[in-house]
Amino acid sequence: MSTGVKITAEPRTEFGKGFARRARKAGLVPAVIYGHGEAPRHISLPAKEFAAALRHGGMTTVFDISVSDGHTTLALPKAIQRDVLKDTFKHVDLIIVKRGEMVTVDVPVQVVGEPARGTLVTVDHDRVSILAEALNLPEHLEASVEGLDAGAHVTAGEIKLPRGVTLATDPETIMVVVAHAPTAEQLEGETAAAAEEGAEGEAEEGAEGEKSEG
């Protein structure tokens, strides 16, 4: 459960791509905090500490932010812009929360258990929306497929929720499906069909190329 990860921040008065590059080079992440009718507050967060907290608690991590100008607040990550190639954060949006406040968040769902032999598990949705107290958000929920046979499925309403947590997603939403696992012959047939389609495509491209040259 989230308990409020303490993190320090610096007030930010500069903006733009140039500042963002300098901030990231200095190990900082540009961020903005807003909500509860307060004016947006622009800050810079320490990148390593922020990343470490997210690895542990994900998007349900509540940050207890202390800004060097004396401002303190609790906030949840709302949106994160990432640089996929560099594996860094570009910008973070944080929304203010209060102790005791009920908030709606999306929580990851992990599949647990062993289904019947000869089956294949497919995840249709890997997150559900829940309503819970801001400082008691589960890091994840579990969808059990223990003993389920082909043709079975797990809905959002069948996921066990901790005390004090209410499901916000439609309970009929199918999260996980259990189907018959393909046989070796079926897999070989699919591979052969894919190879044949690829060969036909190459042949057609070659023919088109000859026509254009002609």
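The tour goes from the sheet to a helix and then to a group of aromatic side chains.

This is a predicted model, in which local features need pLDDT of at least 70 and side-chain atom pairs count only at pLDDT 80 or more, while totals for chains, interfaces and linings use all residues. Residues are numbered from 1 along each chain as its sequence is written, and side-chain values use heavy atoms, with hydrogens and water left out.

Begin with the strands (DSSP runs of E, at least two residues, numbered from the N terminus): 6 of them close into a barrel in the order S1-S3-S2-S6-S5-S4, with mixed pairing, where a pair requires at least two DSSP bridges. Next select residues 72–83 and 88–97, which are strands S5 and S6, paired in the antiparallel sense over 9 bridges.

Now select residues 47–57, helix H2 (a DSSP run of H or I, at least four residues), which packs on the sheet and touches strands S1, S2, S3, S4, S5 and S6, contact being heavy atoms within 4.5 Å.

Finally, show the side chains of Phe50, Phe63 and Phe89, which form one aromatic cluster; rings of Phe, Tyr and Trp (its six-membered ring) pair if their centres lie within 6.5 Å, and planes under 30 degrees apart count as stacked, over 60 as edge-to-face and the rest as tilted. The rings of Phe50 and Phe63 are stacked, because their centres are 5.1 Å apart and their planes are at 25°. Phe50 lies in helix H2 and Phe63 in strand S4. Phe50 and Phe89 pair edge-to-face, at 5.3 Å centre to centre and 80° between the planes.

Notes. Axes fitted to C-alpha atoms, helices over the stretch in contact; angles between N-to-C directions.
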